[in-house]
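Have the sequence and the predicted model side by side.

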Amino acid sequence: MGRSNAGLLLGLLLLRFNWCLALGGGGAAEGGGVLPVVVSTWPFREAVRAAWEVVAAGGIGGSAVDAVVAGCSACEVLRCDGTVGPGGSPDENGETTLDALIMNGATMEIGAVAAMRYVKDGIKAAKLVMEHTGHTLLVGEKATAFAISMGLAGPTNLSSTESIEKWSNWRQNHCQPNFWKNVVPAGNCGPYYPINVNPDHRTVGEIQGWLQSDNLLEPTDSHLKSVINCHNHDTISMAVIDKMGHVAVGTSTNGATFKIPGRVGDGPIPGSSAYGDDEVGACGATGDGDIMMRFLPCYQVVESMRRGMEPRDAAMDAISRISRKYPDFVGALFAVNNKGVHAGACHGWTFQYSVRNSSMEDVEVITVTP
């Protein structure tokens, strides 16, 4: 097949699957060889600046791991888009919980926390897991107890006036939309039961007693509807390559708005929201984590680059694997190889990611359009 025909075929495929694609640095060739580099999902400029200050410091600069912590911490403090840090994305009981992950691409060590309550420093808690335990992931109130025992502030209420107001309005709208399916009652708040199960086997009082033992309120409703967009279901996913060529990645999020309590998204799942390896490069992802974690797209991206794919092709391939199975899913990712070449791909929405390297005066935002 000639080059012109191959190009036409690729163009048709991109239209057919509603892919979006952007290549950073003006092309694979022009984008390479510029280190250190910081890349982040979304136009979270202040987070990238905070990471850059660490990694671009004099001499050999700060480490990639420390830069990721600085960048994600900045986003947590700023409550980026209301989807990172405390004060956003209430679950169906009105509570905000945090998920976070950090990965050292030199050692392949990982630390993560999920559904963490009462501690606002998600990425710092994840780093403590990585540096002071032999585990990878701690969850729920036990993650809270660990984080506080290791010196982080808490317990503290992670809700805000805005998150409680959002939750109250949702309750007044009969808990719609939500993430339940194949349950009754439909169109109203719970408790819920599978369609074919007689609810009389347990009284509502008994169920509420179970819930109260975990300091919860009460569940929600049926008819799963899409509630995924960049303002209510998002993650900061950041990759840093430092002056020594070491790679680190990290994520922080307060998860999907009105999620079922106990839900863990892709944020703290290695290979889904982020993945990095000094030998290859890194990836960060955002979107419908419940779908994306089924495919481990960032692991796929890094392994594709290991086999010789350019970041552009690796990103597009990972997104296409998901869209073939879930044509209505919403998600995006960036890829950056260990030379600093970066690219992004998305499906179902317009995506932006932020970059800073030593050739730039400030953070640049790359738009990936449908």
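C75 is buried, at 0% relative accessibility. C80 is buried too, with a relative accessible area of 9%. Which residues form a disulfide with sulfur atoms 2.1 Å apart? C75 and C80 do. A pair of cysteine sulfur atoms counts as a disulfide within 2.5 Å, so 2.1 Å qualifies C75 and C80. The torsion about their S-S bond is about -115 degrees, so this disulfide is left-handed.

How many disulfides are there by this rule? The count comes to three. In general, a disulfide is a covalent bond between the sulfur atoms of two cysteines.

Take C175 and C189 next. Their sulfur atoms lie 1.8 Å apart, and the two residues form a disulfide. Is this disulfide left-handed or right-handed? The torsion about the S-S bond of C175 and C189 is about 90 degrees, so the disulfide is right-handed. The bond links distant parts of the chain, 14 residues apart. C175 sits in the loop between α6 and β6, while C189 sits in the loop between β6 and β7. Both cysteines are buried.

The remaining pair to visit is C283 and C298. They form a disulfide with sulfur atoms 2.3 Å apart. Here the torsion about the S-S bond is about -60 degrees, so the disulfide of C283 and C298 is left-handed. This pair also links distant parts of the chain. C283 belongs to strand β11, residues 281-287, and C298 to helix α9, residues 297-306. The two cysteines are 15 residues apart. Are C283 and C298 buried or exposed? Both are buried.

Now look at C72, which is in no disulfide. The nearest cysteine sulfur is that of C75, 7.2 Å away. C72 is buried, with a relative accessible area of 0%.

Go back to C175 for its backbone. Its phi is positive, about 60 degrees, although C175 is not a glycine. C175 lies in the loop between α6 and β6. Its relative accessible area is 0%, so C175 is buried.

Where does N182 lie? N182 is in the loop between α6 and β6. Like C175, N182 is a residue other than glycine with a positive phi, in this case near 55 degrees. Is N182 buried or exposed? Its relative accessible area is 56%, so N182 is exposed.

Two peptide bonds deserve a check. One joins G154 and P155: it is cis, with omega about 0 degrees. P155 is placed in the loop between α5 (140-149) and α6 (161-172). The other runs from G190 to P191, and it is cis with omega near 15 degrees. P191 is placed in the loop between β6 (183-184) and β7 (193-194).

Turn now to strand β8, residues 236-241. How many residues of β8 are buried? Six of the six are, so the strand is largely enclosed by the rest of the structure. I236, M238 and V240 point one way from β8. S237, A239 and I241 point the other way. The residues on both sides of β8 are buried.

Which strands pair with β8? Strand β2, residues 37-41, pairs with β8 in the antiparallel sense over four bridges. Strand β9, residues 247-253, pairs with β8 in the antiparallel sense over six bridges. Follow V240 to see both pairings. V240 in β8 is the bridge partner of V38. V240 also stands opposite A248 in β9. V240 is itself among the buried residues of β8.

Finish at the hairpin of β8 and β9. Five residues lie between the strands. Which residue of this hairpin takes a positive phi near 85 degrees? G245 does.

How values were computed. Residues are numbered from 1 along each chain as its sequence is written. This is a predicted model: local features need pLDDT of at least 70, side-chain atom pairs count only at pLDDT 80 or more; totals for chains, interfaces and linings use all residues. Side-chain values use heavy atoms; hydrogens and water are left out. Buried means under 20% relative accessible area, exposed over 50%, partly exposed in between (1.4 Å probe, protein chains only). Two strands pair if DSSP finds at least two bridges between them.
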